[in-house]
Amino acid sequence: MSAMTPERFISIWKDNDLNEEAGAQAHFEDLCDLLGVPKPRNKGDYCYERKAAKAEGKQGYADVWMSRHFGWENKAPGENLKKALAQLKNYSGSLGNPPLLIVCDRLRIEINVEFQYYPTETHSILIHEIGTPENLQKLKWVFTDPQKLRPERTIAAITTEAAEKFSNIAKTMRERGLNGQHVAHFLVQCLFCMFAEDENLLPEMAFTKLLEKSVGDPERAANRLSELFKHMKNGGDYGDLSIAWFNGGLFKTVLIPHLIAADLSALHRASADMDWRAIDPTIFGTLFERGLDPEDRAPLGAHYTDIGTIGKLINPLISEPLTAEWESVKQVIATEKGKGKGRGKKGNANKATTDAYQGFMLRLNSYRVLDPACGSGNFLYLALKALRDIEKQVHVEAQEFGIQAELAMQTGPHNILGIEINEFAAELARVTVWIGDIQWCRRNGYQHAINPILQPLDSIEHRDALLNKNGSEAKWPKADVIVGNPPFLGDKIMRGELGDAYVNLLRNRFEGRVPGGADLVIYWFEKSRAQIEAGLCQRAGLVATNSIRQKRNRVVLERILESTQIFEAWSDEDWINEGAAVRVSLVCYGQAESKRLDGNPVAAIFSDLTGSAQGGQALDLTQAKPLLSNKERSYFGICLAGPFKVDTATALAWLKDSGNPNGRPNSDVVRPIYNGSDVTRRWADNWVIDFAGMEMTDAADFLAPFAYIEAKVKPLRSGNREASRAERWWRHGRYRPELRAALHGLTLFIATSETAKHRFFIRLPVQVAPEHRLIVIPRQDDATLGILSSRIHCVWALAVGGSLEDRPVYNSSLCFEMFPFPPGFDLKSKPTGWIGPQGVTQDLAVPSGPNVGLRDKAANPTYEEAIARTAADLDDWREKWLNPEGWLDWEITPEEQTAGFPPRPVPKTEKTVEWKKRTLTNLYNEMPTGLKLRQEKLDKAVAAAYGWTDYSPATTDDEILRRLLAMNLAHKPTIPTNGDDTKKSKTQKRKGAKT
């Protein structure tokens, strides 16, 4: 027999009248010969008649199956290939969800591309065209490399383009002065029409043709659009077309804004140029909302949270518990089936089996998911999709027990509940659910809702989720699960966005339940907790910024642990909020059988979102208490609350000016200032005007500095909501008198940036002003510097301090006040001398030069001197790396020197670029061997001070934390007084309420 050629293949099969059964395998094997690929056999990953459970009907078989490649369904010529595709989709899950679903009637081969996260595509190959190089290549890829058939653009990219098209249309319409809400509502209706006609729900491209025919006549177009929308509301004849009944509320209000030809042209291009079946509702809703809502100023772009990340809440809240319930039901069914094998028991067993199955289906039908801050509906649609997926699985697996599949699905849009304060977002949420559900039904071979197509979604409510209009607490509906992404607003931003009156009312209404100053998202956590406690919900899972782990906010997590449990948490995850990247925590709490933290099984999850390993010793750092010995030994830097800073040139000019009527130099009120970035990077050459606690009459005698802030600061502070800031506008917002008193008599102080990628400590001269983002420890000795710089302290700080986005936070009340220093170390002691860079004892005189090099003499030579020497060596090494000899000059004016200000480094021209890269952050990023060895030597010296003779670099962080926690709990605690700590109101104290 001659080799198979396209011509021979066509001649055999073009007019072949074999029926489906007789012709299917012969046709397929001839195709394999034509393509030069192996033929299927009855075993392995490539075979005929692959057994597969259908989602509807009885057991099914795929005519041909190749693992991770395709499922293939054959029909006789002329039969309905759409029906064949629906049949294949029904049991594609049992086939491992292959990326290609192929249907064939021998005259046509249709390759349906079904890659996850990519739009579906269909490649049709007619028999008389099978011999073209393009078609032969496509068919060859089916067997050898299906990835080659994957669409070039992801659903996300297509959806982003679609959202941008609509946002541009909305922008041009709003710029003409049209009402933003009217424009948004109209465009949502247009969006659904585009989707509906591409899904063949709206016949014969009715919407696109309407625009095409009337693009030059806006008035006529408006009338036609109005008529089309009204017919979609009620159904009926629209000219020669029969329009289905859509209803659902989307077309309840028909109000066409004033259109111009450019609007119609843009809408026509958007409708004609894109396949709207491919949009992803979980992305589109967010982007659409930003682009169309005139009140939303967030940038439009491909910023959305991927399905996998949202699934970290949906899976443990919905999918896993319901799947576990179904597994239990299957065990009951299997047991009853076994009993039915006995004589006379079959009828009873069938009834018990049916009751168990129907009971679970009723459970799915009545299941409710609430998102009380639903936005554009992403979480709601994904929750509904999870329920639909579970029901489909149940349909397939129930038939293995001989149970007849349901004629209609029990899950649907009725399963979801939502609350949203923004009217447009609430409407968009309904559209997101409708579109997403229709897509799911079409892709999985199920009939979507009809009569009407859009089922009413009044369960997505437009209202405030926290307060009613009369100021009372808003009630939430009963639900099995609460899930969502509440708004991320901190205390100060809340007041700016929501207003003082609303925030004060909210704080008062939740007094005793939510701490004052807590982020807005915390109120959703508390209300969800209360729903669980009241028996109105089983489980809840919410997103919060990772600051929820910090002491001020985690009070609500402590309340959750008092009444239920945290069973799933992701402590520090990437997230996109309003187009910006943030770091968040995902927290699930309520009824559950097991616990996971960051994807790993744990025995318990604590309120700081750390956990104890299964079978291991619990390490709950939230038990740690503030220590009396550490109280008032660390401070925030000054908070300016106004433009008090000036550059070096301005400051130096003022220092030279001696014309003040009080006879005092301006250096008394002008000095260098460092903030966190000046420590982690390089000093930004900023100086600050600092009148401390002076009265206006005294401050005004410093003529030039006072005139500057009178012009720059006073206008900004005059309307400040804090009366003291408005009245004393010449002073800093928080000038920290307690810090100034603690620094009195010192030459240097220790400081660290509040937020930083790496935790390191430095010393600064007391003449330098520390700004708010610096944490100041008023000590200057090497022993304290060494203990704080050690791995032992930094591990503690990282574990208890929380983080701001991806930067660890040094929370003074947690990291410092709770840290147990080595036994016998006294933070109250005043050193009597210094140890110089070479370990030579020196007196109190301050040496000159850029590197003052003062070292406090150790009070306890048994370990403090060892720590001091290693810390001094590390600090000197860092300084030499930061400012290598010969790379720069040190400048200082006579006025600066008289005032005791530190010299200013000025790099030599040829070294400027390289010198600027030498920052402490880059040093610790690189961690060169010289620094690493010195750090390990310091760690060992500090560990010896604790008596940890077994310490080594291999000692785990958990072991260090376990020992420190034990020491902390053995100390006498004190009551926190820091501004970051939560204070009880008089009412709370009287009632004994926990905050």
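Four strands make up an open sheet in the order β20-β22-β21-β25, and their pairing is mixed. Strands and helices here are DSSP runs, numbered from the N terminus: a helix is H or I with at least four residues, and a strand is E with at least two. Two strands pair if DSSP finds at least two bridges between them. At the edges of this sheet are β20 (645-647) and β25 (769-770), and each pairs on one side only.

A word on the source: this is a predicted model, in which local features need pLDDT of at least 70 and side-chain atom pairs count only at pLDDT 80 or more, while totals for chains, interfaces and linings use all residues. Residues are numbered from 1 along each chain as its sequence is written, and side-chain values use heavy atoms, with hydrogens and water left out.

Back to the sheet. Pro672 stands opposite Trp687 in β22. Two helices lie across β20, β21 and β22: α19 (residues 648-656), at about 90° to β20, and α22 (residues 703-712), at about 90° to β22. Axes are lines fitted to C-alpha atoms, for helices over the stretch in contact, and angles run from 0 to 180 degrees between N-to-C directions.

There is another open sheet of four strands, in the order β19-β26-β23-β24, with antiparallel pairing. Its edges are β19 (635-636) and β24 (762-765), each with a single partner strand, so one side of each has no neighbour in the sheet. In this sheet, Leu748 stands opposite Pro765 in β24. Here are two antiparallel pairs, one from each sheet:

| Strand | Partner | Bridges |
|---|---|---|
| β21 (residues 670-674) | β22 (residues 686-689) | three |
| β23 (residues 748-753) | β24 | four |

Strands of a sheet pair through backbone hydrogen bonds, either parallel or antiparallel.

Now for the nonpolar cores. A nonpolar core is a set of buried Ala, Val, Leu, Ile, Met, Phe, Trp, Tyr and Cys residues joined through side-chain atoms within 4.5 Å. Buried means under 20% relative accessible area, exposed over 50%, and partly exposed in between (1.4 Å probe, protein chains only). The largest core has 89 residues, and Trp687, Phe691, Ile792, Trp796 and Trp948 touch the most other members. Helix α33 (residues 929-945) gives the most to this core, with six residues. A second, separate core of 67 residues includes Phe166, Ala266, Ile453 and Leu457.

Contact means heavy atoms within 4.5 Å. Leaving aside neighbours within four places in sequence, Phe691 is in contact with Val669, Ala699, Phe702, Pro705, Phe706, Ile709 and Trp730.

Elsewhere in the chain, α6 packs with helix α14 (residues 423-444) at an angle of about 5°, their axes 11 Å apart.

His185 is found in helix α6 (residues 180-198). Is His185 buried or exposed? At 13% relative accessibility, His185 counts as buried. Not counting residues up to four places away in sequence, His185 touches Leu250, Thr253 and Glu427. A polar atom of the His185 side chain lies 3.0 Å from the backbone oxygen of Thr253.

Finally, the whole protein chain has 35 helices and 32 strands. Of its 995 residues, 54% count as buried.

Conventions. A polar contact is a pair of N or O atoms within 3.5 Å; within protein, one must be able to donate a hydrogen and the other to accept it, and residues adjacent in sequence count only if both atoms are side-chain atoms.
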